[in-house]
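Please consult the sequence and the coordinates alongside the text.

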Amino acid sequence: MFVHPEEDTRADGGFQGERAVLVGYLRDQRLTLELKCAGLDAEAMARRAVEPSNLSLLGLVRHLAGVEQYWFRQVMAGEDVRRHYRTADDPAADFTGAVADPEVVADAWATWRAEVAFAEGVVAGASGLEVAGDSGGEPMELREVLVHMIEEYARHNGHADFLRERIDGRVGQ
């Protein structure tokens, strides 16, 4: 186990109301990502899965920072911002640029945490889940963005399980 159940900060359900359910499950998925990466140095964070994959825990943190940025800053808040890590020349730079450098790891966590804080502010400030942003010219409700984010984290946290197990044998939870 990663942590003793009494020390686990995730709620794992028990939420009341649609907004609380969506926000609560997304919070738990975000906490799971942090849990999967806890205690690892830069080398372990940047360790790749298996050839030919460029998947790493650090790459996942960088990728999810970009996902948070896209859905909450660009779609929901309508901000026109340069994407984190991705470039026209390297659209997978969130993974390819995930190198074993403590400064790269610190930057990834700081960027991810800033995007999560921004996202939490967008959600807290929304008058309701039906508030819509612009997704490529189509309206998208906050409700759907939250569901998508839960799915995105759940999928990548599954990847993180395997990556962490390969690094040091720790599994599940």
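Glu 68 touches Arg 30, Arg 73, Glu 115, Val 116, Ala 119, Met 149 and Tyr 153, leaving aside residues up to four places away in sequence; contact here means heavy atoms within 4.5 Å. This is a predicted model, in which local features need pLDDT of at least 70 and side-chain atom pairs count only at pLDDT 80 or more, while totals for chains, interfaces and linings use all residues. Residues are numbered from 1 along each chain as its sequence is written, and side-chain values use heavy atoms, with hydrogens and water left out.

Glu 68 belongs to helix 3, which covers residues 57-76; helices (H or I, at least four residues) and strands (E, at least two) are DSSP runs numbered from the N terminus. Glu 68 counts as buried because its relative accessibility is 0%, where buried means under 20% relative accessible area, exposed over 50%, and partly exposed in between (1.4 Å probe, protein chains only). The side chain of Glu 68 is joined to that of Arg 30 by a polar contact of 2.8 Å. A polar contact is a pair of N or O atoms within 3.5 Å; within protein, one must be able to donate a hydrogen and the other to accept it, and residues adjacent in sequence count only if both atoms are side-chain atoms.

Helix 5 has 24 residues and reaches 34 Å from its first C-alpha to its last, close to the expected 34 Å at 1.5 Å a residue; the expected span is 1.5 Å times one less than the number of residues. The buried residues of helix 5 include Trp 109, Trp 112, Glu 115 and Val 116, and the cover over its buried residues includes helix 1, helix 2, helix 3 and helix 6.

Thr 111 counts as buried because its relative accessibility is 13%, and its side chain makes a polar contact of 3.4 Å with that of Tyr 85. Arg 113 counts as partly exposed because its relative accessibility is 44%, and a polar contact of 3.0 Å joins its side chain to that of Glu 34.

The chain as a whole contains six helices and two strands, in the order α-α-α-α-α-β-β-α along the sequence. Its radius of gyration is 16 Å, close to the 16 Å that the globule rule gives for 173 residues, so the chain is as compact as a globular protein of that length. The radius is taken over C-alpha atoms, and the rule is 2.2 Å times the number of residues to the power 0.38. Buried residues make up 45% of the 173 residues.
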